[in-house]
Amino acid sequence: MPRGRAPRHLSRVFRKAVARAMHANRLWRAACAACLLAFPAQADIASATYAEPTDRYGHGAVPGGEYGALEVTLTDGRRHRLRVSGGVFEDTAPRLHDFDNDGTPEVVTVFSADDSGAMIRIYGWQDDSLVLRGANSPIGTRHRWLAIAGIADFDQDGADEIAYVDRPHLARRLRLVSVDTNQTPYGFTEIASVGGLTNHKYGSPTIEGGIRTCPDLAPVVITASANWSRIMQARLVDGAFKIEPIGVYSGPRSLTDALGCD
């Protein structure tokens with residue numbers, strides 16, 4: 001046998017071993033593909049919108065702002081629609097926020113019950129369906145509404161709170177509630193409230209103002225005074241809202257400008 005040449009039977013053994021390895025690799029890849037089909041990656045909520053506008057509730061605080069369903073689009077492209085009874089979603093748009101810090105957002109909505117008025121409802125994606133995680137107490141009377149100002153960690157405890165104006169056309173009271181995701185359903189606790197503020201004009205499609213968040217500073221709620229003459233800021237200090245005027249209200253743009261950090 002020439003020097004450096006492997007025996008023929010060893011070459012055949014080697015070729016067979018390579019063939020068996022390649023076949024095993026094909027089988028493994030096919031099995032993995034089957035596993036992925038059988039157990040697809042968990043989809044999460046990517047976006048949300050209200051759907052199925054209705055005039056059944058007949059409040060009219062937000063023009064065209066009453067809906068019979070909530071629709072989410074998932075990260076895998078699917079859409080899911082949840083229809084509600086006993087009331088309507090009454091709002092400008094749902095908001096996505098990750099309250100339990102699991103990397104997937106919940107959906108924050110305003111639901112107005114037929115007999116008890118508006119409340120905050122939070123929905124999550126579970127078992128391939130939208131489920132109600134929790135809701136705060138309703139205002140108590142039909143055609144009584146609330147307008148969410150924003151969501152942030154106002155008391156700097158690592159958990160985010162929801163700021164909203166209770167009855168922006170009547171009571172004009174800013175409220176701040178915490179959300180306890182360790183409870184089932186989620187627990188809501190009021191932290192602070194203060195009167196004389198509003199963020200919505202009856203019949204307007206827009207909730208004005210919002211939350212100013214600047215580096216190294218606690219969040220601030222920007223609203224208008226009750227008579228829409230001044231721009232107001234509300235800061236949480238020692239568990240209570242401290243409010244002060246910071247400018248003259250001259251329309252929605254003036255509140256938007258007040259959200260800047262400059």
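This dialogue walks through how to read several features of the structure shown above.

Reader: Before looking at details, what kind of model is this, and how are its residues numbered?

Author: This is a predicted model, in which local features need pLDDT of at least 70 and side-chain atom pairs count only at pLDDT 80 or more, whereas totals for chains, interfaces and linings use all residues. Residues are numbered from 1 along each chain as its sequence is written, and side-chain values use heavy atoms, with hydrogens and water left out.

Reader: How many helices and strands does the chain hold?

Author: Helices (H or I, at least four residues) and strands (E, at least two) are DSSP runs, numbered from the N terminus. In this chain there are 2 helices and 17 strands.

Reader: Which way do strands β2 and β4 pair, parallel or antiparallel?

Author: Two strands pair if DSSP finds at least two bridges between them. Strand β2 (residues 66–74) pairs with strand β4 (residues 87–90) in the antiparallel sense, over 2 bridges, and Y67 has F89 of β4 as its bridge partner. Strand β4 also pairs with strand β6 (residues 106–113), again antiparallel and over 3 bridges, with F111 in β6 as the bridge partner of F89.

Reader: Where does S112 lie, and which side chain joins S112 in a polar contact?

Author: A polar contact is a pair of N or O atoms within 3.5 Å; within protein, one must be able to donate a hydrogen and the other to accept it, and residues adjacent in sequence count only if both atoms are side-chain atoms. S112 lies in strand β6 and is buried, with a relative accessible area of 0%. The side chains of S112 and E90 are joined by a polar contact of 2.6 Å. Leaving aside neighbours within four places in sequence, S112 is in contact with several residues, among them Y57, V88 and W145.

Reader: Which cysteines does the disulfide join, and why is it called left-handed?

Author: A disulfide is a covalent bond between the sulfur atoms of two cysteines, and here the criterion is a pair of cysteine sulfur atoms within 2.5 Å. A search of the whole structure finds 1 disulfide, which joins C214 to C261 with an S to S distance of 2.1 Å. The torsion about the S-S bond of C214 and C261 is about -100°, so the disulfide is left-handed. Because C214 lies in the loop between β14 (210–212) and β15 (220–225) and C261 in the segment after α2 (252–257), the pair ties together parts that are 47 residues apart in sequence. C214 is buried at 12% relative accessible area, while C261 is partly exposed at 42%.

Reader: How many salt bridges are there, and which residue meets E71 in one?

Author: A salt bridge is a side-chain nitrogen of Lys or Arg within 4 Å of a carboxyl oxygen of Asp or Glu. The count by this rule comes to 13. In one of them the side chains of E71 and R81 meet, at 2.7 Å from N to O; the pair links E71 in strand β2 with R81 in strand β3 (residues 79–83), 10 residues apart. E71 is buried at 12% relative accessibility, whereas R81 is partly exposed at 35%.

Reader: Where do D257 and R253 lie?

Author: Both lie in helix α2, 4 residues apart, about one turn of the helix, and D257 forms a salt bridge with R253 in which the closest N and O atoms are 2.8 Å apart. D257 is partly exposed at 48% relative accessibility, and R253 is exposed at 62%.

Methods:
Buried means under 20% relative accessible area, exposed over 50%, partly exposed in between (1.4 Å probe, protein chains only). Contact means heavy atoms within 4.5 Å.
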